[in-house]
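I set down in order what I looked up.

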Amino acid sequence: PKISTHRQATVKPQAMARFETEKTYVMVKPDGVQRGLVGNIISRFETKGFHLKGLKLFQCPKELAETHYGDLSEKPFFPDLVDYIVSGPVVCMVWEGPGVVKSARKLIGATNPLESEPGTIRGDLAIEVGRNVVHGSDSVENGEKEIGLWFGDEGVIEWEQAMSPWLRE
Ligand code: ADP
């Protein structure tokens with residue numbers, strides 16, 4: 001009974017606030033873009049039921065790659081990681097939904113694709129840690145930070161999705 005074709009027209013903006021849950025930053029890395037996996041990756045978040053709030057093809061400058069992976073700056077693979085991220089365009093995305101940070105990490109799979117479960121993005125589509133096709137924020141806090149870093153004040157769009165009542169009670 002909650003679902004009606006009139007719902008979108010009648011729900012007040014205040015009432016929609018309860019649908020605003022957490023957001024995460026997901027990025028198709030240059031190997032994923034070059035390999036033509038963008039659609040496949042977007043599709044997994046879309047069909048899961050998460051809500052797309054930001055999307056852009058972007059050539060990442062070196063400084064941004066260094067900042068994004070700042071926590072790993074002491075790792076021996078850091079210079080190669082930065083080179084990899086700036087080696088071609090990436091696709092930056094913001095996905096919103098209940099528990100989306102943790103769920104996106106599950107959809108993405110373990111960092112090393114040989115250890116990622118089949119059915120996950122990395123488990124299905126990659127074989128090396130240095131070419132693991134996709135990034136996803138590891139906490140709500142880092143999600144907010146990364147959305148700010150990659151999108152700034154522009155490009156994240158709050159919009160009402162017509163199918164929301166079919167996804168969320
Ligand atoms: P995740 O991307 O799963 O959150 P990390 O934050 O540990 O994983 O690492 C960030 C990225 O750094 C990885 O996705 C991968 O691209 C790269 N990376 C991590 N460990 C290695 C490694 N041992 N060798 C090469 N690259 C690595």
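**Entry 1. The ligand shell.** I began with a definition: a residue is near a molecule if its C-beta atom, placed from the backbone, lies within 6 Å of it. I note also that the model is a predicted one. Which residues are around the ligand? I listed L72, F77, L81, T111, V129, G130, N132, H135 and D138.

**Entry 2. The chain as a whole.** I looked up the secondary structure and found 10 helices and 4 strands. Along the sequence, I read the pattern as α-α-β-α-α-β-α-α-β-α-α-β-α-α. The chain has 169 residues, of which 31% count as buried. I also looked up contacts between residues at least 6 apart in sequence, and 71% of them join residues at least 24 apart.

Entry 3. The unreviewed UniProt entry annotates residues 21-158 as "domain: Nucleoside diphosphate kinase-like". Over residues 21-158, I found 41% helix and 19% strand. The end C-alpha atoms of this stretch are 12 Å apart.

Entry 4. I turned to H135, which the unreviewed UniProt entry annotates as "active site". H135 is also one of the residues around the ligand. I located H135 in strand β4, residues 134-136. Is H135 buried or exposed? H135 has 22 C-beta neighbours inside 10 Å, so it counts as buried. Leaving aside neighbours within four places in sequence, I found H135 in contact with V26, M27 and K29.

**Entry 5. The annotated binding site.** The unreviewed UniProt entry gives "binding site" for K29, F77, R105, T111, R122 and N132.

N132 lies in the loop between α8 and β4. I record N132 as buried because 23 other C-beta atoms lie within 10 Å. Not counting residues up to four places away in sequence, N132 touches T111, P113, R122 and A126.

R105 belongs to helix α7. R105 counts as partly exposed because it has 18 C-beta neighbours inside 10 Å. With residues up to four places away in sequence not counted, R105 touches G136 and D138.

**Entry 6. Helix α6.** I next examined helix α6, residues 78-85, and found that its buried residues are L81, V82 and I85. Seen down the axis of α6, these buried residues fall within an arc of 95 degrees, so they line one face of the helix. On the other side of α6, I found P79, D80 and D83 exposed. What do the buried residues of α6 pack against? I found that they pack against α3 (30-34), α5 (62-68) and β3 (90-97). L81, one of these buried residues, is also listed around the ligand.

**Entry 7. The largest nonpolar core.** I looked up the largest nonpolar core and found 31 residues in it. Those with the most contacts inside this core are V26, M27, V28, V90, W95 and V134. The elements that give two or more residues to the core are β1 (22-28), α4 (38-48), α6, β3, α7 (100-108), α8 (121-125) and α9 (140-151). Which element gives the largest share? It is β3, with 6 residues.

From this core I took V28 and looked up its contacts. Leaving aside neighbours within four places in sequence, V28 is in contact with V33, L37, V38, I41, V90, V91, V133 and V134.

**Entry 8. Two exposed residues.** I looked up L57 in strand β2, residues 51-58. L57 is exposed because it has 11 other C-beta atoms within 10 Å. Leaving aside neighbours within four places in sequence, L57 is in contact with P89 and V91. L57 and V91 are 34 residues apart along the chain, and their C-alpha atoms are separated by 4.5 Å.

I127 is in the loop between α8 and β4. I127 is exposed because 11 other C-beta atoms lie within 10 Å. Beyond its neighbours within four places in sequence, I found I127 in contact with P113 and L114. I127 and V140 are 13 residues apart in sequence, and I noted 28 Å between them in space, C-alpha to C-alpha.

Key
Residues numbered from 1 in each chain as written. Predicted model: local features only at pLDDT ≥ 70, side-chain atom pairs only at ≥ 80, totals over all residues. Buried ≥ 20, exposed ≤ 12 C-beta atoms within 10 Å, placed from the backbone. Arc of directions from axis to C-beta. Contact = placed C-beta atoms within 7 Å. UniProt positions renumbered as here; feature names shortened; annotations may be inferred. Core = buried A, V, L, I, M, F, W, Y, C linked by C-beta atoms within 7 Å.
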